[in-house]
Amino acid sequence: MPAPRLTSPLQDHLDALHRDVLSNTEGEIAGYAESLKGLDPGEFGIALTTLDGTTYSAGDADTGFAIQSISKAFTYALALADSGFEAVDAKIDIEPSGEAFNEISLQAGTGRPANALINAGAIAAASLVSENTPPGPRTSGGIDRILSAYSRLAGRELGVDDEVLAIERREGDRNLALAHLLRSFGIIDGSAEGTADDYFAACAIEVTARDLSMMAAVLATGGVHPVSGERLLSQIIVSRVLSVMSTCGMYDDAGEWMVRVGLPAKSGVGGGIIAVVPGQVGIAVYSPRLDHHGNSVRGVLACERLSSAFDLHLMRGARVWHEAVRVMYPITEAPSGVRRQPVAQESLLQHGHRAVVIEVQGDLTFGAAESVVRELVELPSEVEFVVLDVRRITDAIAFAQDAMRQVDAAYAEQDRVIAVVDDSGRFDPTSRAASGAGPRHVFELRRQAIEWVEEQVLARHCDAPSHAAHVDASDALVLSGLEDDARAALTTAMTSQHFAKGDVVLLQNQGFRGIFIITRGLVATTVADAEGDQQRLTVLGPGMSFGEFGLIGDGRHAATVTAVEALEVEVLTPRALAEVEKRDPALALQLWRAISQDAFTRVREQLADLGRDPVAKSLTRDQENYRAH
């Protein structure tokens with residue numbers, strides 16, 4: 001029996017909301033709509049479009065209706081784009097009128113409409129939409145530009161409903177009178193009749209709730225179409241339009257709307273409402289029954305429920321929909337992989353809490369930057385080193401970088417260090433280079449930064465060096481479990497080899513070349529990734545061994561080994577190993593047991609590291625302790 005199909009919790013919520021609000025039958029349809037054929041007062045649709053262009057809908061979200069006054073917000077945006085802020089502001093104010101949408105709200109003396117979202121202001125805005133012709137008076141035809149722009153915003157071809165347009169023209173005496181009045185004040189330069197007709201046609205464009213949610217999502221992204229990725233409006237124009245929508249979009253109900261819903265919005269007597277959550281989602285609802293303000297009854301109720309359920313009210317404070325601090329953990333949770341002598345390893349375990357890794361992500365807006373800075377400031381004083389991984393930051397305001405630099409300078413005064421992991425150079429939270437307080441410590445990979453910090457912690461808190469300068473082969477870790485005579489017999493069978501810094505000792509997939517014991521110097525082990533680039537696994541020093549894994553499986557070495565510095569090794573070659581096995585099988589068995597034990601120890605350490613993988617955790621116990629401290 002097939003498993004039940006999974007459904008989206010958001011879709012489930014919309015469906016339930018639609019069923020609940022559908023039962024509300026309050027309100028009346030607009031007077032113009034009474035003469036429309038086929039209009040069903042019971043229609044009700046909801047649509048939400050996310051910033052990646054995904055649309056969720058419920059009910060009659062694909063039913064067409066006249067956009068009506070919702071067009072005013074987008075015509076205003078076009079006027080700003082075509083004529084510029086100075087020209088538009090000279091003819092249209094940005095103040096709420098506190099009056100009904102069709103009131104004659106003109107400034108005494110200047111004749112400027114109160115804002116672009118009442119009829120007078122929208123008619124003036126329509127006169128400022130260009131036809132891509134040289135500046136100057138025009139007669140008509142701006143609807144072509146408006147219709148084309150609306151279609152790009154919606155992501156499909158839209159059209160004018162001729163039946164609605166005929167009604168607008170027939171019953172539009174008041175709006176035509178407004179156009180003439182505006183022309184008498186010099187607000188409209190061209191034909192009053194032509195401008196009014198453009199306005200009528202814009203109101204008669206047929207849309208669906210799905211269309212409007214996409215158009216609202218363009219405003220939510222700051223002007224970029226969620227599907228095509230094309231920038232259709234500039235950020236500054238979107239900011240202006242959303243600001244005016246916040247104060248004027250719901251006419252004389254604007255104050256009540258902001259208290260109850262708290263989002264920039266625009267309604268229309270066709271029954272539609274759009275609401276915009278900047279940086280998150282575009283919302284559209286449709287239901288033709290209107291309240292006494294001219295707003296959809298079900299639409300207002302649905303938006304109020306959505307705002308409450310999803311905590312969208314802007315006045316509750318800007319939301320960062322991810323933690324700016326992705327995760328924080330001590331370096332012991334994700335060690336570099338460098339194998340050191342036991343006393344150094346023990347010291348790192350003991351003092352690892354003195355160094356932490358903080359991974360930061362997303363846009364560092366004011367709130368996000370404040371949270372990151374607060375983490376840095378409130379870290380316990382015993383934390384001497386911070387590895388700050390900024391590779392997942394997508395953007396940062398100036399405050400974010402300035403505040404980070406101040407913290408970095410304060411750290412330097414306390415002999416504390418911030419090491420930055422940044423592979424792009426797009427974010428620089430350090431002040432050292434400019435202030436002369438010390439060198440900047442920037443690394444492309446987190447492992448590199450952690451390795452460097454480990455060395456700094458050992459330099460401060462461990463008397464013994466990280467790696468001994470020289471270790472006899474008989475004292476190697478891999479042989480530590482053998483009896484003295486067994487170790488002596490094996491080291492006698494070994495031959496000495498020397499390598500210069502940078503020499504490749506073993507190649508990945510090379511046939512078995514022996515068991516190597518480092519007596520002096522360091523090596524790095526690396527493996528090739530899918531792109532062929534070498535990714536480092538670990539660093540080994542005196543007293544450690546490599547090559548023994550080549551005895552397992554198909555007899556090939558699993559990693560490339562390169563000398564980090566001048567290297568001296570003792571090697572049990574394949575021929576010498578075969579002679580040991582032939583001459584003294586018991587000794588060979590002891591060696592195999594020692595190799596197996598050492599391999600088990602390494603694998604156990606690696607599995608422990610995987611189990612502590614901070615990427616798989618949202619918050620470590622140590623992070624809780626730091627915050628509690």
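Buried, as used in these legends, means under 20% relative accessible area. The structure shown is a predicted model.

**Figure 1. Overview of the chain.** The chain has 629 residues, of which 50% count as buried. Its secondary structure comes to 21 helices and 22 strands. Of the contacts between residues at least 6 apart in sequence, 73% join residues at least 24 apart. The accessible surface amounts to about 28100 Å², and carbon and sulfur atoms account for 51% of that area.

**Figure 2. Phe443 and its aromatic neighbours.** Phe443 has a relative accessible area of 16% and is therefore buried, since the cut-off for that class is under 20%. Phe385, Phe443 and Trp452 form one aromatic cluster.

Figure 3. The whole structure contains 6 aromatic pairs. In one of them, the ring centres of Phe74 and Tyr150 are 6.0 Å apart and the ring planes stand at 70°, so the pair is edge-to-face. The pair links distant parts of the chain, as Phe74 belongs to helix 2 (residues 71–83) and Tyr150 to helix 5 (residues 142–154), 76 residues apart. Phe74 is buried, with a relative accessible area of 2%, and Tyr150 is buried at 0%. Phe443 and Trp452 also form an aromatic pair, which is tilted, with 5.9 Å from centre to centre and 45° between the planes.

**Figure 4. Helix 1 and its buried side.** Helix 1 comprises 14 residues, 9–22. From its first C-alpha to its last it reaches 20 Å, close to the 20 Å expected at 1.5 Å a residue. Leu14, Leu17, His18 and Val21 are the buried residues in helix 1. These residues lie on the same side of helix 1 because they cover an arc of only 100° around the axis. In general, an α-helix has 3.6 residues a turn, so residues three or four places apart point the same way. The buried residues of helix 1 pack against strand 1 (45–50), strand 2 (55–59) and helix 12 (297–309). On the face turned away from the buried side, helix 1 carries the exposed residues Pro9 and Arg19.

**Figure 5. Surroundings of Gly270.** Gly270 is located in the loop between strand 6 (265–267) and strand 7 (272–277). With a relative accessibility of 8%, Gly270 counts as buried. Leaving aside neighbours within four places in sequence, Gly270 is in contact with Tyr32, Phe65, Ala66, Gln68, Tyr286 and Pro288. The C-alpha atoms of Gly270 and Leu290 are separated by 8.8 Å, and these residues stand 20 apart along the chain.

**Figure 6. Two loop residues with positive phi.** Gln68, one of the residues in contact with Gly270, is placed in the loop between strand 3 (65–66) and helix 2. The phi angle of Gln68 is near 50°, a positive value in a residue other than glycine. Gln68 counts as buried, at 4% relative accessibility. Asp311 lies in the loop between helix 12 and strand 9 (325–330). For Asp311, phi is near 55°, again a positive value in a residue other than glycine. Asp311 is partly exposed, with a relative accessible area of 29%.

**Figure 7. Arg416 and the ring of Tyr411.** Arg416 lies over the face of Tyr411, at 4.3 Å from the ring centre.

Terms used. Residues numbered from 1 in each chain as written. Predicted model: local features only at pLDDT ≥ 70, side-chain atom pairs only at ≥ 80, totals over all residues. Heavy atoms only, no water. Helix = DSSP H or I, 4+ residues; strand = E, 2+ residues; numbered from the N terminus. Buried < 20%, exposed > 50% of the residue type's maximum accessible area, 1.4 Å probe, protein only. Contact = heavy atoms within 4.5 Å. Expected span 1.5 Å × (residues − 1). Arc of directions from axis to C-beta. Areas by Shrake-Rupley, 256 points an atom, 1.4 Å probe, with all protein chains shown as cover. Phe/Tyr/Trp six-rings, centres within 6.5 Å; stacked < 30°, edge-to-face > 60°. Lys NZ or Arg CZ within 6 Å of the ring centre and 35° of its normal.
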